[in-house]
Amino acid sequence: RGRALSLAARHRRIARLAMVENTLTVDQWEEIQRDFNYRCAYCLGEGPLEIEHMTPISRGGGHVADNVVPACVPCNRRKSTRTLIEFLEVA
């Protein structure tokens with residue numbers, strides 16, 4: 001839970017600086033991970049999960065529950081700043 005709070009604070013700051021909607025709570029993030037059975041939304045792998053913005057904050061996506069999914073580190077890095085559609089077209 002401590003790591004989740006730290007990551008949430010980092011993403012809130014990024015969203016605030018980008019001036020996008022910023023309403024994701026730690027409880028919502030925990031629920032999203034539960035909904036995905038604590039697996040990566042892209043490869044279904046297990047392991048440490050990160051908050052992955054389907055529409056990146058840098059591209060105007062909000063830090064909100066309906067824009068985030070859990071992603072493993074390799075998938076999150078591979079997706080980078082592409083939108084979900086762009087990422088799926090290359091995958």
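Of the 91 residues in the protein, 40% are buried, where buried means under 20% relative accessible area, exposed over 50% and partly exposed in between, with a 1.4 Å probe and protein chains only. The model is predicted, so local features need pLDDT of at least 70 and side-chain atom pairs count only at pLDDT 80 or more, whereas totals for chains, interfaces and linings use all residues. Residues are numbered from 1 along each chain as its sequence is written, and side-chain values use heavy atoms, with hydrogens and water left out.

The protein exposes about 5500 Å², of which carbon and sulfur atoms supply 53%; accessible areas come from the Shrake-Rupley method with a 1.4 Å probe, and for residues only the protein chains shown count as cover.

The protein contains four helices and two strands, in the order α-α-β-β-α-α from the N terminus. Helices (H or I, at least four residues) and strands (E, at least two) are DSSP runs, numbered from the N terminus. Among contacts (heavy atoms within 4.5 Å) between residues at least 6 apart in sequence, 58% join residues at least 24 apart.

Rings of Phe, Tyr and Trp (its six-membered ring) pair if their centres lie within 6.5 Å; planes under 30 degrees apart count as stacked, over 60 as edge-to-face and the rest as tilted. The count is one aromatic pair. Tyr42 and Phe87 form this edge-to-face pair, at 5.0 Å centre to centre and 65° between the planes. The partners are 45 residues apart: Tyr42 lies in the loop between α2 (26-35) and β1 (49-53), and Phe87 in helix α4 (residues 84-90).

| Residue | Relative accessible area | Class |
|---|---|---|
| Tyr42 | 21% | partly exposed |
| Phe87 | 5% | buried |
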